[in-house]
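I opened this notebook to keep track of what I looked up, in the order I looked it up.

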Amino acid sequence: MRLLAIRSLLALSAFAFLSAGPAAAASDPDQGERIAQRWCAACHVVAENQKRASADVPSFFDIAKRKTNGDLTSFLTDPHPKMPDMNLSRQEIADITAYIRSLAPPKGETAR
């Protein structure tokens, strides 16, 4: 229970810092796409033109439909055990988050 509380506090702190700080304001979805293609495309479908990825992981399009900025920031700050810890900087996390959010379908439209 204590570990869950610590993780929650860390995630909340990371979200608050990124959403209020200059890194969030200066997030670059184009840079996030470049990072995703370099680091994430081996497992995830990160772009429409990508042909292959692991079958048991969600695409960035699916993640964009289901996750908020806070969810993404928390996850990328402290990834689950199956995902490698790439030691992303705050700026890289903000950029990848901005890229994933750019893939979300507009409200009322169906996803890709």
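**Entry 1: Ile93**

I began with Ile93, which I found in helix H6, residues 90–102. The model I am reading is a predicted one. Is Ile93 buried or exposed? I noted a relative accessibility of 5%, so Ile93 counts as buried, the cut-off being under 20%. I then took a C-alpha to C-alpha distance from Ile93 to Ile35 and got 9.6 Å. Along the sequence, Ile93 and Ile35 are 58 residues apart.

**Entry 2: Arg101**

I stayed in helix H6 and moved to Arg101, which also has its place there. Arg101 has a relative accessible area of 29%, and I logged Arg101 as partly exposed. Which residues does Arg101 touch, leaving aside neighbours within four places in sequence? I listed Ala64, Lys67, Thr68, Asn69 and Leu72 as its contacts. I also checked Phe61, which lies 40 residues from Arg101 along the chain. The C-alpha atoms of Arg101 and Phe61 are separated by 8.7 Å.

**Entry 3: the chain as a whole**

I stepped back to the secondary structure and counted six helices and zero strands in the protein chain. Read along the sequence, I wrote the pattern down as α-α-α-α-α-α. The protein chain has 112 residues, and buried residues make up 30% of them. For the accessible surface I recorded about 7500 Å², with 56% of that area belonging to carbon and sulfur atoms. I next took the contacts between residues at least 6 apart in sequence. Of these contacts, 57% join residues at least 24 apart.

**Entry 4: cysteines**

How many disulfides does a search of the whole structure find? I got zero. Cys40 is in no disulfide, and the nearest cysteine sulfur to that of Cys40 belongs to Cys43, 8.6 Å away. Cys43 is likewise in no disulfide, with the sulfur of Cys40 as its nearest cysteine sulfur at 8.6 Å. On accessibility, I have Cys40 as buried, with a relative accessible area of 9%. Cys43 is partly exposed, with a relative accessible area of 37%.

**Entry 5: the largest pocket**

I turned to open space and noted a volume of about 600 Å³ for the largest pocket. The pocket is lined by 23 residues, and those closest to its centre are His44, Ile63, Phe75, His80 and Met83. Which helices each supply at least two residues of the lining? I wrote down helix H4 (60–66), helix H5 (69–77) and H6. H5 gives the largest share of the lining, four residues. I sorted the lining by class and got 16 nonpolar, two polar and five charged residues.

**Entry 6: the largest cavity**

Last, I searched the whole structure for cavities of 30 Å³ or more and found one. The largest cavity holds about 30 Å³ of space. I listed its lining as Leu76, Pro79, Met83, Pro84, Asp85, Met86, Asn87 and Leu88. By class, I put six of the lining residues down as nonpolar, one as polar and one as charged.

Terms used:
Residues are numbered from 1 along each chain as its sequence is written. This is a predicted model: local features need pLDDT of at least 70, side-chain atom pairs count only at pLDDT 80 or more; totals for chains, interfaces and linings use all residues. Side-chain values use heavy atoms; hydrogens and water are left out. A disulfide is a pair of cysteine sulfur atoms within 2.5 Å. Buried means under 20% relative accessible area, exposed over 50%, partly exposed in between (1.4 Å probe, protein chains only). Contact means heavy atoms within 4.5 Å. Accessible areas come from the Shrake-Rupley method with a 1.4 Å probe; for residues, only the protein chains shown count as cover. On a 1 Å grid over the protein atoms alone, a cavity is a set of points where a 1.4 Å probe fits but cannot get out, and a pocket is an open set with protein on both sides within 12 Å along at least five of seven lines; lining residues have an atom within 4 Å of a point. Grid points are joined across faces, edges and corners, and a volume is the space filled by probe spheres set on the points. Ala, Val, Leu, Ile, Met, Phe, Trp, Tyr, Cys and Pro count as nonpolar, Asp, Glu, Lys and Arg as charged, and the others, Gly among them, as polar.
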